[in-house]
Amino acid sequence: MQDSSKIRNIAIIAHIDHGKTTLIDGIFKAAHLFRDNQLMEERVMDAGSLERERGITIKAKHCTVEWGGYKINIVDTPGHADFSGEVERVLSMVDSVLLLVDANEGPMPQTRYVLMRALKLGLKPIVIVNKVDRPNAEPEIALDKTFDLFIELGATEEQCDFAVLYGSGLQGWFVADLKKNEDNAKAGMDDLFKTIIERVPAPKAEMDKPFLMQVCTLTWSEYLGRIGCGRILQGTLKKGDRILRTHTRWTDYEQTDWKVVSTDASACTHLYVTKGLDRAEVEEAGAGDIVWFTGPANIDLGDTVSSPEIAGHALPPLDIEEPTVSMFFIVNTSPFAGQDGNAITLRQLKSRVERETKIDPALRMEDIGRPDGIKVSGRGELHLGILIEEMRREGSEICVSRPEVIVQHDDRGRTLEPMEELIIDVPEEYQGVVIQKLAQRRGELKNMENSGTGVLRLEFRIPTRGLIGYRGEFLTDTRGLGILSSRFVGYGEWVGEINSRSRGSLVSVDTGAATSYALENLQERGTLFIKPGDMIYNGQVVGEASRNKDIPCNPSKRKQQTNHRSATKDMMIVLDVPRQITIDSALEWISDDELVEVTPLSVRIRKMILDADQRKKARIRAGISDAEEDEE
């Protein structure tokens, strides 16, 4: 076992794209985790294909490096607000955090959130001002804003006395004083390692007490089942030891009281620690170590795992915030079901989502008795979109509905909805259209800053409903030059109706292959999602209409064959490039009566009710006349 005084447990927290995973690449090189001549991929901690494609960290992961006789456990956390549930639970495993701040952007919404969680746990952060070698970098201003954020979040005097390092994770150097060294690029990572060893306290290790730990992370193995991970708080754990699992649960929404739900005994069958990037099986581990273990049949997040000697010693459940957005996952019933992948049944759909909820604490599944689907709730559209993409890559076919916010009710019976803090960096010439669009979505402008570089920073408070479907529109309005980020800040009073989409759909009334002859005329009535040769079916949405109502069309209509021909007529057909539909863009765009059909090969948009006559009857039953629909 490692001497606990030589162990340091630390997490890296920051806003998205501020360089957490790139910093770990630099740490690996400085600690010589790989051979000098070994080919090392960029962002080596982002192991999943989705993480590499999107350039974001989705799952929290931890690794180990050794420097100067010390073992340093480093946890890489997600930076996107939709995956902040990963951050909340892993902070309980560490003794300090590296707070990464971009020298140009300064603190951003997720910086505020993750720092608030760290300060609440009593951790003393180390601040790293990253990317100081970039043009327009202003490290001192970024540091001043970070210090102001500490004060604003109620940090103690000891927490405000944080260590500061400046550098570049991409270039692989960090220093305590930018002006002291003549050539900072040659400084390497020594100052970072020294600061971690000096400033991060060693884990409190009481080796002579009975074994105790709390499960903070879960993973799944087809051979071993569910694997739990956490830091041993006291005592030692050996492979084969008898252990007691105690499951606890909050009894109220405010998470002020909790109770013990169940207790069961088992044995530790496998025990692992992390060495570098890999897990290595060991016979024994002691207090201060972060370990992976198997044994209990139903390991759950927040479970207390202890020696049978302290049977009544249960730890409070982990403080995990509730989801804010929900949607229906529905069995695929389209005419093309089963052609691209596996058209899974409702039982298989429930089983797959339930398995995900055991690993992801911010995800919820609810069976409301619907015969064809279930209700799934998460932190945001991206959070649920990632799950849909994973199921798609596993070969499953499903349909999903438009995201809806989860509302609450206060003591006076008022309806409350989730609110977001929205920060936008946008060139000055686009500020007018951004403010106008967000005002229509009930956004309230709170602050405006001019950095003097032609870019404005706008801060809004806006309902989560107002952001659904806006991100794609924002990129169009700002010609791709705007940067938008948001975080959930709590519940506020319902602000009223929000019209998020002003245009209708082009809905196919026939099944077959789309023809260039039909699409040439159809593209004048809207923006197409399909190209010639694509198979379409009755009730599929093939484009966005130019009017504010749905337009029926026949994209598979063929040219009438006659004896009168023109040698160049068919050569003159010019078609616009169709808009590419992805899962994220489709979830933002669809309306309440539409679904996104996701298969391993295709993403289609369809009406919930495919038949046009049945849709009209449904509108009549709902009391919606054609005149009212035109007004909408």
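**Close-up 1. The buried residues of helix 10 in this predicted model are Val434, Lys437 and Leu438**. Helix 10 itself spans residues 431-440.

**Close-up 2. Let us look at what packs against helix 10, and at what follows it.** The partners of the buried residues of helix 10 are strand 26 (415-427), strand 28 (455-463) and helix 12 (471-477). Do look just past the end of helix 10 as well, where Arg442 has a positive phi of about 70°.

**Close-up 3. Helix 8 (residues 346-359) meets helix 9 (residues 381-393), with their axes coming within 12 Å**. The two axes cross at roughly 125°, and helix 8 and helix 9 are therefore oblique to each other. The crossing of helix 8 past helix 9 is right-handed. From helix 8, Leu349, Arg352 and Glu356 make the contact, and from helix 9, Leu387, Glu390 and Met391. Sorted by class, this contact between helix 8 and helix 9 comprises three nonpolar and three charged residues, with no polar ones.

**Close-up 4. Helix 1 (residues 20-30) is largely enclosed by the rest of the structure, because eight of its eleven residues are buried**. To find them in this view, start with Lys20 and Thr21, go on to Leu23 and Ile24, and finish with Asp25, Gly26, Ile27 and Phe28, which are also buried residues of helix 1.

Note on methods. Residues are numbered from 1 along each chain as its sequence is written. This is a predicted model: local features need pLDDT of at least 70, side-chain atom pairs count only at pLDDT 80 or more; totals for chains, interfaces and linings use all residues. Side-chain values use heavy atoms; hydrogens and water are left out. Buried means under 20% relative accessible area, exposed over 50%, partly exposed in between (1.4 Å probe, protein chains only). Helices (H or I, at least four residues) and strands (E, at least two) are DSSP runs, numbered from the N terminus. Axes are lines fitted to C-alpha atoms, for helices over the stretch in contact, and angles run from 0 to 180 degrees between N-to-C directions. Angles under 35 degrees count as roughly parallel, over 145 as roughly antiparallel, 65 to 115 as roughly perpendicular and the rest as oblique. A crossing is left-handed if the near helix is turned anticlockwise from the far one by less than a right angle, and right-handed if clockwise. Contact means heavy atoms within 4.5 Å. Ala, Val, Leu, Ile, Met, Phe, Trp, Tyr, Cys and Pro count as nonpolar, Asp, Glu, Lys and Arg as charged, and the others, Gly among them, as polar.
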